[in-house]
Amino acid sequence: MKELVCIVCPKGCRLKAEGPDSITGNSCPRGAEYGKMELTHPTRVVTSTVRCTGGLHPRCPVKTDRPIPKELMFEAMAALAAVDLTAPVRTGQVVAANLCGTGANVVATRDL
C-alpha cells in the first residue's frame, strides 16, 4: 500500500493506494484521478528561473505551460541552465520550446 497526499486542491487529502484502480481517502473525484496518475505516470509543472541580461533583475522566473514526466525533471533543469535571455522579456513569452521533447513550452512569468 502506498500513501500519498493529494496536491490538486488545498484540502491535502491523505490517499491510500493499493493500485491504480484502488484509491481511497479522496474527498473528490479529482483526488482519485491524481492518485491514479501519480501511480502510473507522475508528472509535474516545472518552475524555475533563467539568466537574463539587460533587465532590472539578473534572473527571470519561468514555468512549463503543461506538466512534464517526473523522470525528465533533471534533464529539464539542465536544459534551462543553458537558457540566457536578453531583455525585454514579456510574461507568456516562450523562452524554450518543446522542452526535452515533451511538447511543453517554457514561458516567462514576469516582464523584465
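1. Basis. The model is predicted, so local features need pLDDT of at least 70 and side-chain atom pairs count only at pLDDT 80 or more, while totals for chains, interfaces and linings use all residues. Residues are numbered from 1 along each chain as its sequence is written, and side-chain values use heavy atoms, with hydrogens and water left out.

2. Sheet. Three strands form an open, antiparallel sheet in the order S1-S2-S3. Strands here are DSSP runs of E with at least two residues, helices are runs of H or I with at least four, and both are numbered from the N terminus; two strands pair if DSSP finds at least two bridges between them. Strand S1 (2–5) and strand S3 (22–24) are at the edges with a single partner strand each, so one side of each has no neighbour in the sheet. Neighbouring strands are turned by 25 degrees against each other on average, direction ignored. Axes are lines fitted to C-alpha atoms (for helices, over the stretch in contact), and angles run from 0 to 180 degrees between N-to-C directions.

3. Strand S2 (residues 14–19) pairs with S3 in the antiparallel sense over 3 bridges, and Gly-19 stands opposite Ser-22 in S3. H1 lies across S1, S2 and S3, at about 50 degrees to S2.

4. Cores. A nonpolar core is a set of buried Ala, Val, Leu, Ile, Met, Phe, Trp, Tyr and Cys residues joined through side-chain atoms within 4.5 Å. Buried means under 20% relative accessible area, exposed over 50%, and partly exposed in between (1.4 Å probe, protein chains only). The largest core has 19 residues, and those with the most contacts inside it are Val-50, Cys-60, Ile-68, Leu-85, Val-89 and Val-106. Two or more residues each come from strands S5 (47–53), S6 (59–64), S9 (94–96) and S10 (106–108) and from helix H2 (73–81). A second, separate core of 7 residues includes Leu-4, Cys-13, Leu-15 and Ala-17.

5. Leu-80. This residue of helix H2 is buried, with a relative accessible area of 4%. Beyond its neighbours within four places in sequence, Leu-80 is in contact (heavy atoms within 4.5 Å) with Val-46, Ser-48, Val-50 and Val-106. Its C-alpha atom is separated by 11 Å from that of Val-107, 27 residues apart along the chain.

6. Thr-64. Where is the polar side chain of Thr-64 directed? A polar atom of it lies 3.0 Å from the backbone oxygen of Arg-66. Thr-64 lies in strand S6 and counts as buried because its relative accessibility is 1%. With neighbours within four places left aside, its contacts are Val-45, Val-46, Leu-99, Ala-104, Asn-105 and Val-106.

7. Glu-38. Helix H1 (residues 29–40) holds Glu-38, which is buried at 12% relative accessible area. Its side chain makes a polar contact with that of Arg-44 at 2.9 Å; such a contact is a pair of N or O atoms within 3.5 Å, within protein one able to donate a hydrogen and the other to accept it, and residues adjacent in sequence count only if both atoms are side-chain atoms.

8. Cysteines. The whole structure has 0 disulfides, a disulfide being a pair of cysteine sulfur atoms within 2.5 Å. For Cys-6, the nearest cysteine sulfur is that of Cys-9, 5.7 Å away. For Cys-13, the nearest is also that of Cys-9, 5.6 Å away. Cys-6 is buried at 5% relative accessibility, and Cys-13 is buried at 12%.
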